[in-house]
Amino acid sequence: MHRLPDRYLWRMLSVPIKFGVRSDFRKELHKKVYEYLDNCGKPIRAPLAMYRKTAILLAWLALAYTALVFISSSWWQALLSSALMAAAIAGIGFNIPHDAGHGSYSGNAAVNRGMAFVFDIMGASSYCWHWKHNVLHHGWTNVPGVDDDINVGPLARLAPQQKHYGFHRLQQYYLWGLYGLTTLKWQLVDDFKDIILGRIGPRQIPRPKGMELVLFFVGKATWATIFLVIPLMFHSFGTVLTMYLVTNAILGVITSVVFQMAHTVEEADFVPPPPGAPEERIQNEWAAHQAETTVNFAPRNRFWTWYLGGLNYQIEHHLFPSVSHQHYPDIAPIVEQTCRAHNVGYYTHPSFRAAIASHFRYLREMGKPPEMAPA
Ligand SMILES: [Zn+2]
């Protein structure tokens, strides 16, 4: 699956939506960023810092798991260990399999495939992730009907083009709670539904075959053994179920909020598929579309930059997903300057809190009936 570059995989998809013709902006951006990368003295993929980070995050998970399953003897100890474990799993997801899925963890395809499998061990199929995230989300960011990240069905209205229901007026309050169900749904429902139906949202994906199908089930079995079967050998069914739900509620909120803050905020564009597609193209060319549908946050906060695997530099991530996130803080000024020179939107929220507030206000705006919302 990951042996082919994404551009070949895109052709296999039934997404007949093309972008504007390549512009000087994209050419200049690539030239400048790769000039920097070629001369910075650090590898584009697999810098040493990534292996150090991998070791720290895996040790964090091992300690939290040990504390939760083997040491905790009171409810508050269990709750604290569960929160630490959820934060470790989210951190691993942001840094290791997310990068590996994009081919930016290592220069070696087999290492990337192995590290992408970390998603499976934590309960989410790396096969489905590849299609949902690397292809549909990165390919057509904030294009309703293609980008599955902005599709939560009728539960919430995340794009102006989506249908409005009366209860959306309260979505800025209740959606945070629903975020807590995201990873649970991935693990138990979405992955199975995606491979059985052969589609994600309305878009077709190839069903996994051969080794990919074997790996899908090996991943699910490994995850169930580590996170359900082993704990059941030491604790009651009720305790394991409660801690499983609590851990996933925290994990779901962390994961959803981090991705939503980059795309469903006031400053991000939403671009409907052109009515005359495939002949009619999206006006913007792909790179400008990526910059204008994505927003950075808290760029100067070293903890977030470390923990989120550069996902606070989402504009750089969307433009250069195959470059290790360790480079994002250094290439960000080049990207910003080039965007400004070409009149391409580039927006950064100064802090994590500012991005959360913008997400809240955006949800409130989308929750208003369309005739009440400003055009
Ligand atoms: Zn990504």
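Helices α3 (48-71) and α11 (210-234) each supply at least two residues of a nonpolar surface patch. Helices here are DSSP runs (H or I, at least four residues) and strands likewise (E, at least two), numbered from the N terminus. The structure is a predicted model, in which local features need pLDDT of at least 70 and side-chain atom pairs count only at pLDDT 80 or more, while totals for chains, interfaces and linings use all residues. Residues are numbered from 1 along each chain as its sequence is written, and side-chain values use heavy atoms, with hydrogens and water left out.

The patch covers about 550 Å² and is made by Phe 70, Ile 71, Val 229, Met 233 and Phe 234. Its largest share, 3 residues, comes from α11. Patches are made of residues with over 30% relative accessible area and no salt bridge; like charges are joined within 9 Å, and nonpolar side chains (Val, Leu, Ile, Met, Phe, Trp, Tyr) within 5 Å. Accessible areas come from the Shrake-Rupley method with a 1.4 Å probe, and for residues only the protein chains shown count as cover. Met 233, which lies in helix α11, counts as exposed because its relative accessibility is 61%; the classes are buried under 20% relative accessible area, exposed over 50%, and partly exposed in between (1.4 Å probe, protein chains only).

The metal site comes next. The zinc ion is coordinated by the NE2 atoms of His 98, His 102, His 133, His 138 and His 317, at 2.0 to 2.2 Å. Along the chain, these donors follow the spacing H-x3-H-x30-H-x4-H-x178-H. His 102 lies in the loop between α5 (97-101) and α6 (109-116), and His 317 lies in helix α15 (residues 314-319), so this pair ties together parts that are 215 residues apart in sequence. His 102 and His 317 are both buried. Donors are N, O and S atoms within 2.8 Å of the metal (3.2 Å for Na, K and Ca); water is not among the atoms, so sites may look incomplete.

A search of the whole structure finds 2 cavities of 30 Å³ or more. The largest cavity holds about 190 Å³ of space. It is lined by 15 residues, of which the closest to its centre are Gly 93, Phe 119, Trp 186, Leu 251 and Thr 255. Helices α4 (75-95), α10 (182-197) and α12 (237-263) each supply at least two residues of this lining, and the largest share, 4 residues, comes from α4. A cavity is a set of points, on a 1 Å grid over the protein atoms alone, where a 1.4 Å probe fits but cannot get out; lining residues have an atom within 4 Å of a point. Grid points are joined across faces, edges and corners, and a volume is the space filled by probe spheres set on the points.

Side chains of opposite charge can pair when their charged atoms come close. A salt bridge is counted where a side-chain nitrogen of Lys or Arg is within 4 Å of a carboxyl oxygen of Asp or Glu, and by this rule the count comes to 12. One of them joins Glu 28 to Lys 32, with the closest N and O atoms 2.9 Å apart. Both residues lie in helix α2 (residues 24-39), 4 residues apart, about one turn of the helix. Glu 28 is partly exposed, with a relative accessible area of 28%, and Lys 32 is partly exposed at 28%.

Other salt bridges span separate elements. Lys 42 pairs with Asp 330, the closest N and O atoms being 3.9 Å apart. Because Lys 42 lies in the loop between α2 and α3 and Asp 330 in helix α16 (residues 328-341), the pair ties together parts that are 288 residues apart in sequence. Glu 212 and Arg 113 meet in a salt bridge at 3.0 Å, N to O. This pair links distant parts of the chain, with Glu 212 in helix α11 and Arg 113 in helix α6, 99 residues apart. Glu 212 and Arg 113 are buried.

Most residues other than glycine have a negative phi. Asn 142, although not a glycine, has a positive phi of about 55 degrees; Asn 142 is placed in the loop between α8 (126-139) and α9 (171-179).

Technical notes. On a 1 Å grid over the protein atoms alone, a cavity is a set of points where a 1.4 Å probe fits but cannot get out, and a pocket is an open set with protein on both sides within 12 Å along at least five of seven lines; lining residues have an atom within 4 Å of a point.
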